[in-house]
Amino acid sequence: MRRRAPRRSGTRWRPSTRGSILVAVVLVVIALVVEHFVPPLTGAVRVSDGDSLELDGARVRLEGIDAPELHQSCGEAATRWSCGEKAKAALQALVAGAKVSCRPVDEDRYGRAVAICEADGRDIGAALVVQGWAVATGLAYTGEQSTAREARRGIWAGPFEMPANWRARHPRGAD
């Protein structure tokens, strides 16, 4: 009977693992290079709703947030208020007179650039979430969302339906 040599406890990776790591590193490097060379979107701003705008005609949706839809209401049945209009007004206030710059990271199904945007160097998505006019859709703005919820700011002041749930109940074209 042949004895097996004891296994060394070093960090030896399988060739497939090394290959996967190499592919991941190459993709990260490519993403960083592309980000550096893709020019940001800038120009005249027109706000569409609480999480969408146009920069010189280019339609942009803010990355990492979801704001109430324009026709969405919040609050108790007896005291409903237009949280969608308030979210749009909050975005308008953030960009008014500011130099707005957006860095596209994706494109959505409507052909809009999904981007991280700044107004005079301030992250617009973070500002909307911390003010309570949008919810975080990923991990990027969870701290801001917790702050807004605890302070009962914006939509967190009372009951509201998550924007994605509201959209599901009010599909486009159903108006």
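How many salt bridges does the count come to? The count comes to seven, and we'll meet some of them on this walk through the structure. Keep in mind that this is a predicted model.

Let's start with the idea itself. Side chains of opposite charge can pair when their charged atoms come close. Here, aspartate 51 forms a salt bridge with arginine 61, and their closest N and O atoms are 3.3 Å apart. Aspartate 51 sits in the loop between strands E2 (45-49) and E3, while arginine 61 belongs to strand E4, so this pair ties together parts that are 10 residues apart in sequence.

Now look at two other pairs. Arginine 112 forms a salt bridge with aspartate 108, with 2.6 Å between the closest N and O atoms. Arginine 112 counts as buried at 11% relative accessibility, and aspartate 108 counts as buried at 16%. For glutamate 161 and arginine 169, the closest N and O atoms of the salt bridge are 2.8 Å apart. Glutamate 161 is partly exposed, with a relative accessible area of 22%, whereas arginine 169 counts as exposed at 54%.

Back to E4, this time for its strand partners. Strand E3 (residues 52-55) runs antiparallel to E4 (residues 58-62), and four bridges join them. The two form a hairpin with two residues between them, and aspartate 56 in the turn has a positive phi of about 50°. E4 is also joined to strand E7 (residues 113-119), by three bridges, and these two run parallel. Valine 60 is a handy landmark: leucine 53 stands opposite valine 60, and valine 60 stands opposite alanine 113 in E7.

Helix H2 (residues 83-95) has 13 residues and reaches 19 Å from its first C-alpha to its last, close to the 18 Å expected. Its buried residues include Cys83, Ala87, Leu91 and Leu94. Seen down the axis of H2, the buried residues fall within an arc of 155°, so they line one face of the helix. Just after H2, glycine 97 takes a positive phi of about 70°.

Finally, find leucine 22 in helix H1 (residues 15-37). Leucine 22 counts as exposed, at 55% relative accessibility. Together with Val23, Val26, Leu27 and Ile30, Leu22 makes a nonpolar surface patch of about 460 Å².

How values were computed: Residues are numbered from 1 along each chain as its sequence is written. This is a predicted model: local features need pLDDT of at least 70, side-chain atom pairs count only at pLDDT 80 or more; totals for chains, interfaces and linings use all residues. Side-chain values use heavy atoms; hydrogens and water are left out. Patches are made of residues with over 30% relative accessible area and no salt bridge: like charges are joined within 9 Å, nonpolar side chains (Val, Leu, Ile, Met, Phe, Trp, Tyr) within 5 Å. Accessible areas come from the Shrake-Rupley method with a 1.4 Å probe; for residues, only the protein chains shown count as cover. A salt bridge is a side-chain nitrogen of Lys or Arg within 4 Å of a carboxyl oxygen of Asp or Glu. Buried means under 20% relative accessible area, exposed over 50%, partly exposed in between (1.4 Å probe, protein chains only). The expected span of a helix is 1.5 Å times one less than its number of residues. The arc is that of the directions from the helix axis to the C-beta atoms. Two strands pair if DSSP finds at least two bridges between them.
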